[in-house]
Structure formats: C-alpha cells, structure tokens
Amino acid sequence: MTVVEDFGRGAERWLGNTGKLRDAVRQSLVARQLDEQIAESFPVGRRLRVLDVGLGQGTQALRLARLGHQVTGLETDERMLEAARAALADEPEGIRERVELRVGDGRETGAQFAPGTFDVVLCHGVLMYIGEPGPMLAGLARVLAPGGLLSLLVRNADALAVRPGLAGDYEAALAAFDDPSYTNRVGVRARADRLDALTTALSGIGAPLRRWYGVRVFTDHAADDAEAPEGAAWERLIAAEERAGETDPYRSVAALLHLCGVRG
C-alpha cells in the first residue's frame with residue numbers, strides 16, 4: 001500500500017490559496033467540464049441529487065446548488081467544513097435550503113446512504129490521499145443511480161515528473177517516473193493515479209469512463225500566491241487551458257485528470 005498522510009496537515013495552506021490562479025483555473029475548468037457531462041447525461045432543467053465527497057471549501061457544491069440542484073457535501077476535516085459552512089451562510093435562503101453539509105468519510109458512503117441515492121457523485125482531489133482507492137470507488141458507485149454520473153479529479157501520475165522537471169529539480173523528476181507518491185504544495189505526502197488504471201477500475205465498478213479531460217496544462221507551475229488575471233487576459237488563459245485539456249497530446253501531461261464515468 002502506498003503510504004499517504006492525512007490532508008488535515010495541509011488544510012490551512014490550502015484555504016490560504018483559495019481563489020489564487022491555480023485554484024481558479026482548476027475550479028473554472030472542472031465546472032465547465034462537469035456542466036458539459038451533466039448536459040449529456042440528463043434532460044435540461046432536471047433537478048439533480050448531488051453528493052460531493054471531500055467538498056473542501058464547497059466551490060462546486062455551492063455552484064451546483066445555485067443551479068437548482070440538491071447537494072449533500074461530505075468532509076472529514078473540520079477546518080474545510082467550517083469554510084464551506086461560512087460560504088454557505090452568505091448564500092440566499094433558497095440556496096442554503098438545497099445544501100446539506102455532513103462530517104463524513106467517502107469510504108463510508110454505504111453506511112450513510114442507500115444504493116442509488118444520487119444522480120451525480122463528485123470526488124475531487126480526494127483519491128490522492130487514499131492509499132487503496134478501490135473500495136472507496138466501489139462505495140461511490142453503489143450510491144449512484146443507474147445512468148448517474150461519477151466525476152473524479154485526480155493527480156496525474158503520468159505527468160508527475162513535469163512540475164519538478166520544469167523547476168530544475170531533476171532528482172525529483174527522475175524519481176517521479178517510477179514512484180506515484182509525492183509531496184504536494186501544501187506539504188502533505190500524497191499519491192497520483194494513472195489514466196489506464198482508473199479506466200479499468202471504473203469499468204470494474206460498473207461506471208465505465210465516458211470522457212476524460214486534463215486540468216492545468218499550462219499553469220500548474222505558477223506560484224502558490226499568483227493571482228488570476230482579470231478581463232480579457234483571464235479569458236485567453238482559460239480558453240487555452242480548456243482547449244489543451246480536451247486535446248491530445250496536451251491533456252496527457254496535465255497536472256490533474258478529470259474522469260467522468262456513467263453508471264450502467
């Protein structure tokens with residue numbers, strides 16, 4: 001088993017970078033890709049039941065609630081959950097009523113929810129902290145309704161050498177070719193996944209891969225405190241990232257992979 005650490009050690013640093021360039025690119029691209037997949041899976045205007053496992057500060061959960069969906073968020077770290085609660089408190093009452101926040105581990109979804117409870121299940125930035133993701137993926141698929149959408153955002157093991165290589169840390173780059181474990185930007189030991197292995201895993205749990213995207217092809221090397229540009233500069237940046245994230249061979253070297261499977 002690959003040894004990883006609890007994300008809690010990095011929660012404060014993570015929250016400190018919320019809204020910075022790298023986070024803004026991630027959230028914007030994932031939102032666009034997720035909306036595209038929802039549109040392909042469900043009739044226009046249908047109100048969906050959404051589970052967000054490891055919702056973090058709640059960016060995607062709140063966005064989906066604003067679109068009219070009923071959202072349940074699970075989070076194990078109290079600091080992240082408090083940030084999500086604070087963000088939710090700033091929303092209008094109608095949106096607050098559509099969101100339920102729970103303390104919970106995604107590996108225990110079977111104990112909390114009946115089979116087929118949700119139309120959409122999100123698991124973004126979580127698998128890198130799970131040593132053996134198989135049981136968790138099976139649990140997520142179990143609570144997904146037939147025809148439901150499973151959205152995974154993971155660190156790309158096939159591109160793990162890119163960031164240290166571009167930074168001139170060739171020792172770390174060489175190690176990354178053979179070892180999927182790494183220390184991330186918030187100082188936590190984590191684990192990356194490979195597209196082919198996750199494709200096999202999704203088929204095994206009855207939610208075969210329908211589409212995958214790359215996230216942060218051009219901006220992953222940016223400093224933690226780099227600010228997102230505004231106006232036309234932001235539009236050009238996000239257009240380039242979006243194009244690269246859906247185009248070979250660029251998406252293969254993205255820092256993150258966004259995989260979307262559909263429950264059979």
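This is a predicted model: local features need pLDDT of at least 70, side-chain atom pairs count only at pLDDT 80 or more; totals for chains, interfaces and linings use all residues.
The secondary structure of the protein chain comprises eleven helices and nine strands. Along its principal axes, the C-alpha trace of the chain spans about 50 × 45 × 35 Å. When contacts with a separation of 6 or more are considered, 78% of them are accounted for by residues 24 or more positions apart in the protein chain. According to UniProt, in an unreviewed entry, the feature "domain: Methyltransferase type" is placed at residues 51-151. This span is 37% helix and 29% strand, and its end C-alpha atoms lie 10 Å apart.

Charged side chains were examined next. Side chains of opposite charge can pair when their charged atoms come close. In one of them, the side chains of R79 and E12 meet at 3.8 Å, taken from N to O. The pair links distant parts of the chain, since R79 belongs to helix α4 (residues 78-89) and E12 to helix α1 (residues 11-16), 67 residues apart. With a relative accessibility of 37%, R79 counts as partly exposed, whereas E12, with a relative accessible area of 59%, is exposed.

Helix α4 also holds the pair E82 and R85, a salt bridge in which the closest N and O atoms are 3.4 Å apart. Because E82 and R85 are three residues apart in helix α4, they are separated by about one helical turn. Both members of this pair fall in the partly exposed class, E82 with a relative accessible area of 44% and R85 with a relative accessibility of 33%.

In another salt bridge, D220 is joined to R163, with the closest N and O atoms 2.8 Å apart. D220 lies in the loop between β8 (209-215) and α11 (231-245), while R163 lies in helix α8 (residues 162-166), so the pair ties together parts that are 57 residues apart in sequence. Both D220 and R163 are buried. These two residues also take part in a network of salt bridges that links R13, R22, R163, R185, R216, D220 and D224.

Helix α8 also contains L166, which is exposed, with a relative accessible area of 66%. Together with V162 and V253, L166 makes a nonpolar surface patch of about 260 Å². Elsewhere, T247 is found in the loop between α11 and β9 (256-262), and with a relative accessible area of 24% T247 is classed as partly exposed. T247 and L21 are 226 residues apart in sequence, and their C-alpha atoms are 22 Å apart in space.

Key
Residues are numbered from 1 along each chain as its sequence is written. Side-chain values use heavy atoms; hydrogens and water are left out. UniProt positions are given in the numbering used here, feature names are shortened, and annotations may be inferred rather than shown by experiment. Helices (H or I, at least four residues) and strands (E, at least two) are DSSP runs, numbered from the N terminus. A salt bridge is a side-chain nitrogen of Lys or Arg within 4 Å of a carboxyl oxygen of Asp or Glu. Buried means under 20% relative accessible area, exposed over 50%, partly exposed in between (1.4 Å probe, protein chains only). Patches are made of residues with over 30% relative accessible area and no salt bridge: like charges are joined within 9 Å, nonpolar side chains (Val, Leu, Ile, Met, Phe, Trp, Tyr) within 5 Å. Accessible areas come from the Shrake-Rupley method with a 1.4 Å probe; for residues, only the protein chains shown count as cover. Contact means heavy atoms within 4.5 Å.
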